[in-house]
Structure formats: structure tokens, C-alpha cells
Amino acid sequence: MAKGCLGMKQLAYLAKVEENSGLLFYQLVNKLSAELHVPKSTVRWNVSKLRDYGMIVAGSKDSKGVPVELTEKGKIAMLLIKGERELGKNNCPKALFKTKQ
């Protein structure tokens, strides 16, 4: 896991991943690059950060052919972003969003 926290840009990319779940990593990068009019390297960097933070599962150079999808952590984050669930003491542990060094 990466150290740090997600920015608003990464949260926006998380929503895009949810919309395009099931594509392969390179397919997602190509689609979002064209859709958002940003370089592929920018999309690749942001989506890789989501993978590093454990918000998505996606293929890598060591595990090719893995469709991109949200992890449980990513799904909970999306529920919170959409306002469908309040972050509270009893329903979502803070440890879920902490990252290791």
C-alpha cells in the first residue's frame, strides 16, 4: 500500500472505474484518456494510485488480463462519496482508509 491519501482527482477516477468495471487496465486507460481529453500517462498514473491504495483490483506487468474493478474498500468509498452511507464509529472503521508506510 502507498503512503498518503486520495485526492479529489483520484476520487473522480474511482467513480470512472466503477462506471467502466470489467475493462482491462489498458482498455480503461485508453477509454478514459479519450473521454477526459487527458494524456494516457495521466490516467495511468491516477488509476495506478487507486490500485496502490487498495481501492481497485487491476492487472499489472506481473498479472496481466485482470479486469479492473473496485475492491470492498473502493465500494465503501464510493458509497460515502455518493452520500449513501455516513462515516461513523459503528459502520466504517477508520483503519479502512489508513495506508501503510
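This is a predicted model: local features need pLDDT of at least 70, side-chain atom pairs count only at pLDDT 80 or more; totals for chains, interfaces and linings use all residues.
Biologist: Are helix 2 and helix 3 parallel, antiparallel, perpendicular or oblique to each other?

Modeller: Helices here are DSSP runs of H or I with at least four residues, and strands are E runs of at least two, numbered from the N terminus. Helix 2 (residues 25-36) and helix 3 (residues 40-52) pack at an angle of about 130 degrees, with axes 9 Å apart, where axes are lines fitted to C-alpha atoms over the stretch in contact and angles run from 0 to 180 degrees between N-to-C directions. Angles under 35 degrees count as roughly parallel, over 145 as roughly antiparallel, 65 to 115 as roughly perpendicular and the rest as oblique. The two helices are therefore oblique.

Biologist: Which residues of helix 3 are buried?

Modeller: Buried means under 20% relative accessible area, with a 1.4 Å probe and protein chains only. The cover over these residues includes helix 1 (8-19), helix 2 and strand 1 (56-57), contact meaning heavy atoms within 4.5 Å. The buried residues of helix 3 are V43, N46, V47, S48 and L50.

Biologist: Which residue just after helix 3 takes a positive phi?

Modeller: The phi in question is about 80 degrees. The residue is G54.

Terms used
Residues are numbered from 1 along each chain as its sequence is written. Side-chain values use heavy atoms; hydrogens and water are left out. Buried means under 20% relative accessible area, exposed over 50%, partly exposed in between (1.4 Å probe, protein chains only).
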